[in-house]
Amino acid sequence: MEHQLPPEGEWRSWVIMGGRGAGKTRAGAEWVRSEVEGALPMDAGRSRRVALIGETMDQVREVMVFGESGILACSPPDRRPKWEAGRKRLVWPNGAIAQVFSAHEPESLRGPQFDAAWIDELAKWKKAEDTWDMLQFGLRLGENPRQVITTTPRNVPVLKSILANPSTVTTHAPTQANRAYLAKSFLDEVRTRYAGTRLGRQELDGVLLEDTEGALWTSAGFEAARMDAQPDLARIVVAVDPPVTGHKNSDECGIIVVGAVTDGAPGEWRAVVLEDATIAAASPSEWAQAALDAMARHGADKLVAEVNQGGDMVESVIRQIDPLVPFKAVRASKGKVARAEPVAALYEQGRVAHLRNLGQLEDQMCRITTQGYEGKGSPDRVDALVWALHELMIEPAAHWRRPQVRTLG
């Protein structure tokens, strides 16, 4: 498969990020073979000294060496290396050697030198930084020593540092890409349980999910409040954060659908985020139609749109398509963070839940900090979410608490 093939060009690190069972181990084993084997069994390959590093020695041996997709299983009989258990190494017929190391013992990498390395599941190593650093000092043989990292992504500093290095290339693969070699019952089970969740995006889709330090929201918070089915809702609104301009290079138009359960006083209401219908709009009529379509899908009772940038034009565009749509214009008088903080408080109180398949919205939310947005572009999805929850939860509660003025007759 394409994600298992080495990238072309000059690189030092190849990171293969994939979901569980996506074929990462097979890719790593085949890459090692391609490095050490020549045209004939006794011919020298590109590399002759290889490091094989896993979290523990047992995992290196049972997965990378002897596993069903490991080096021995992938090697034809005339090229299969011999396992020397006492010396913890593989030796090929042409003299190439692969030594095995445990990430629990970074100091064991002090001294040996290599021209290639295969690193497996680096993102879950407890001593990842130290082990990685020791390997880099030893990866010094040949004209262009290289390393392959096969891992399910996790938000850890060492992996993010590697990915940010200009000499790193990356390939991705979801679990589904290797479905021909996986049990159907396994795929059905994990899809049913995890599809559309942030954990599923990490463990099944192989996507690196980042929680920015000091963020108003976290991945763990979303998973704790995940809902699999929509409850009975008293109100549903669609909120829109229109782009400043209307061409193909514009920011996205944030379109978020949120419903509310309004039992009891407003301070007891609950909200559920139902859909992220955000689009990259090429024209105002496109995002207006997308917002109205979202209203129709969910039976929403109001469309809320920010008008700071577009003014009366925003409502005008929407009413050209549906003159009778219940519409409310909102105007930002505070900064994004100030508007988002009371919404984040609702999440902390456990009063907002998410349905599945809201990954891109949640990614943006995890990059909103008290200092601002730490991502690229504008957090259009979060802006729309904030307006929806202000309309459904925050404003009703404020009106409820406001003292009523009586007039004496």
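Residues are numbered from 1 along each chain as its sequence is written, and side-chain values use heavy atoms, with hydrogens and water left out. Because the model is predicted, local features need pLDDT of at least 70 and side-chain atom pairs count only at pLDDT 80 or more, while totals for chains, interfaces and linings use all residues.

Reader: How many salt bridges does the count come to?
Author: Side chains of opposite charge can pair when their charged atoms come close. The rule used here asks for a side-chain nitrogen of Lys or Arg within 4 Å of a carboxyl oxygen of Asp or Glu. By this rule the count is 26.

Reader: Which parts of the chain are linked by the salt bridge of Asp-276 and Arg-381?
Author: The side chains of Asp-276 and Arg-381 meet in a salt bridge of 2.6 Å, N to O. The two residues are 105 residues apart, and the parts they link are strand β11 (residues 270-276) and helix α13 (residues 380-401). Helices (H or I, at least four residues) and strands (E, at least two) are DSSP runs, numbered from the N terminus.

Reader: Are Asp-276 and Arg-381 buried or exposed?
Author: Buried means under 20% relative accessible area, exposed over 50%, and partly exposed in between, with a 1.4 Å probe and protein chains only. By that scale Asp-276 and Arg-381 are both buried.

Reader: How far apart in sequence are the parts that Lys-328 and Glu-395 tie together?
Author: Lys-328 forms a salt bridge with Glu-395, with the closest N and O atoms 2.9 Å apart. Lys-328 lies in strand β13 (residues 327-330) and Glu-395 in helix α13, so the pair ties together parts that are 67 residues apart.

Reader: What is the relative accessible area of Asp-383?
Author: Asp-383 forms a salt bridge with Lys-336, the closest N and O atoms being 2.5 Å apart. Lys-336 is in helix α11 (residues 336-348) and Asp-383 in helix α13, 47 residues apart. Lys-336 is partly exposed, at 38%. Asp-383 is buried, with a relative accessible area of 4%.

Reader: Why are the buried residues of α4 on the same side?
Author: The buried residues of helix α4 (residues 128-138) are Ala-128, Thr-131, Trp-132, Met-134, Leu-135 and Gly-138. An α-helix has 3.6 residues a turn, so residues three or four places apart point the same way.

Reader: Which elements do the buried residues of α4 pack against?
Author: Contact means heavy atoms within 4.5 Å. The elements packed against are β1 (13-18), β2 (49-54), β6 (116-120), β7 (146-151) and α5 (157-164).

Reader: Which elements give two or more residues to the lining of the largest cavity?
Author: On a 1 Å grid over the protein atoms alone, a cavity is a set of points where a 1.4 Å probe fits but cannot get out, and lining residues have an atom within 4 Å of a point. The largest cavity has a volume of about 40 Å³. Its lining is Lys-336, Val-337, Ala-340, Ile-368, Pro-379, Val-382, Asp-383 and Val-386. The elements asked for are α11 and α13.

Reader: Which element gives the largest share of the lining of the largest pocket?
Author: A pocket is an open set of points with protein on both sides within 12 Å along at least five of seven lines. The largest pocket has a volume of about 700 Å³, a volume being the space filled by probe spheres set on grid points joined across faces, edges and corners. It is lined by 24 residues, among them Gly-23, Lys-24, Thr-25, Arg-26 and Ser-69. The largest share, four residues, comes from α2.

Reader: Which residues does Cys-74 touch?
Author: Cys-74 is found in helix α3 (residues 71-74) and is buried, with a relative accessible area of 10%. Not counting residues up to four places away in sequence, Cys-74 touches Arg-26, Ala-29, Glu-30, Arg-33 and Ser-69.
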